[in-house]
Amino acid sequence: MKLAIDRNVLLSAVQSVFGAVARKSSLPVLQFLHIKGDGEQITVTATDLETTLISRFENHDHAFEALLPAKRLYDVLRAFPDDSVIGLEDKDGKATVKCGRSRFSLATSDPAEFPVFPESEFDHRFFMPMNLLRSLMDYVDYATADKDVRYYLNGLLMELSHEGHFNLVATDGHRLAKVSTAHSTDYGGEVAKQVILPKSAIVELKKLLKSEEDCELCFAKNHIRVNLPHSTFITKLIEGKFPDYNRVIPTKQKSAAVFNREQLLNAINRIALIKDDKSSGIELSFSDGLFTLRSRNSNQEEGEEQIDIEYVGSLVFGMNASYLQDALRAIQSEKVIFRMNDNVDSLLIEGMETDEAIHVVMPMRL
């Protein structure tokens with residue numbers, strides 16, 4: 001194998017798949033990149049056996065196949081100048097990478113040892129603009145659990161409903177976020193089609209969703225594949241039954257209050273400065289025309305913020321400050337509305353100007 005490749009093109013391909021390289025593994029081959037050319041294009045593949053990332057770019061050289069060490073190749077390519085041309089040669093168990101008068105000899109491995117993700121039958125396929133999918137995930141993925149023993153909460157639910165909705169839902173048992181849009185698949189089952197993406201895979205997928213072009217989402221029993229113009233994302237799904245999230249979303253609220261989102265978020269950010277490791281909660285107090293935030297810590301230090309609002313009545317409850325901050329950061333509307341019951345079973349937060357996600361936060365004892 002002997003190639004001449006634009007450094008920026010190869011580096012971009014390596015960067016786009018690098019997140020799927022296994023950091024620690026009993027299989028050393030998972031720390032390599034599979035690079036293959038067919039005379040028309042080159043594919044660069046990385047996998048940790050859970051998530052597989054494939055990047056493609058045009059190259060009309062001869063066919064070849066090689067395994068190169070991911071971290072070392074990445075570091076070497078980054079060190080070369082922009083817009084340079086690199087020479088790549090694989091011979092006698094070593095890969096030589098050249099650029100100008102620089103030369104590096106890297107260890108290689110047998111391409112036959114690299115795992116191949118099996119082809120699957122996909123139940124449903126549909127197309128969606130990449131930037132839309134990214135924005136939908138941004139609205140809700142903050143609410144996924146982290147290392148919860150209820151493993152099905154450690155991911156993002158993607159759901160196709162027979163009513164024609166594509167729903168994304170995340171919850172850690174204390175808060176929940178849901179967003180919906182229409183989908184173009186012909187799914188018509190009586191029971192919704194549900195898949196749960198692992199949290200780590202969500203991070204890598206969002207890195208690929210950079211344009212307004214369409215991507216194709218393909219659902220199979222045990223994994224999902226997302227086909228993009230120059231790359232492919234594949235990940236295994238989390239097994240298990242996602243909880244019935246509709247039971248958590250309040251449907252009958254007796255009172256509501258409207259806030260300027262940025263003003264409210266800034267007030268919570270300030271009041272949260274008083275919190276310490278033993279006091280994650282803040283007090284929310286509603287009275288006629290006034291909203292008050294209070295925070296106390298274990299050293300008996302206190303903070304208070306007040307905001308004028310249109311509200312009639314009296315209501316006091318506790319909330320986790322971080323949960324409120326996360327929800328307000330995810331919302332893009334200028335104004336948000338808090339919907340509550342008098343006994344505050346849970347707080348429902350929505351943006352007012354745009355059709356975004358709904359955010360549900362459970363109250364806490366102070």
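Trainee: What makes helix H6 (residues 321–330) mostly covered?

Mentor: In this predicted model, seven of the ten residues of H6 are buried. Buried stands for under 20% relative accessible area. The buried residues are Ala321, Tyr323, Leu324, Gln325, Ala327, Leu328 and Ala330.

Trainee: Which atoms come within 2.9 Å at the start of H6, and what makes that pair a polar contact?

Mentor: A side-chain oxygen of asparagine 320 reaches to within 2.9 Å of the backbone nitrogen of serine 322.

Trainee: Why is aspartate 83 called exposed?

Mentor: Its relative accessible area is 60%, and exposed means over 50%. Aspartate 83 is therefore exposed. The residue is found in the loop between helix H2 (70–79) and strand E6 (85–91).

Trainee: How do you know whether lysine 147 is buried or exposed?

Mentor: Lysine 147 has 75% relative accessibility, so it counts as exposed, the limit being over 50%. Lysine 147 lies in the loop between helix H3 (130–140) and strand E10 (155–160). It has a positive phi of about 60 degrees although it is not a glycine.

Trainee: What makes strands E5 and E9 the edge strands?

Mentor: The open sheet has eight strands in the order E5-E2-E3-E4-E16-E15-E14-E9, with antiparallel pairing. Strand E5 (64–69) and strand E9 (124–129) each pair on one side only. Neighbouring strands of this sheet are turned by 15 degrees against each other on average, direction ignored.

Trainee: Why do strand E3 (residues 41–47) and strand E4 (residues 51–58) count as a pair?

Mentor: Pairing needs at least two bridges. Seven bridges join E3 to E4, so the two strands pair. They run antiparallel. One of the bridges links threonine 43 to arginine 56 in E4.

Trainee: Which strands do H2 and H3 lie across?

Mentor: H2 lies across strand E2 (32–37) and E5, at about 90 degrees to E5. H3 lies across E9 and strand E14 (214–219), at about 95 degrees to E9.

Trainee: Which residues touch the most other members of the largest nonpolar core?

Mentor: Of its 98 residues, these are Leu33, Met158, Phe166, Leu217, Leu284, Phe286 and Phe338. A second, separate core of eleven residues includes Leu157, Leu176, Phe242 and Leu348.

Notes. Residues are numbered from 1 along each chain as its sequence is written. This is a predicted model: local features need pLDDT of at least 70, side-chain atom pairs count only at pLDDT 80 or more; totals for chains, interfaces and linings use all residues. Side-chain values use heavy atoms; hydrogens and water are left out. Helices (H or I, at least four residues) and strands (E, at least two) are DSSP runs, numbered from the N terminus. Buried means under 20% relative accessible area, exposed over 50%, partly exposed in between (1.4 Å probe, protein chains only). A polar contact is a pair of N or O atoms within 3.5 Å; within protein, one must be able to donate a hydrogen and the other to accept it, and residues adjacent in sequence count only if both atoms are side-chain atoms. A nonpolar core is a set of buried Ala, Val, Leu, Ile, Met, Phe, Trp, Tyr and Cys residues joined through side-chain atoms within 4.5 Å. Axes are lines fitted to C-alpha atoms, for helices over the stretch in contact, and angles run from 0 to 180 degrees between N-to-C directions. Contact means heavy atoms within 4.5 Å.
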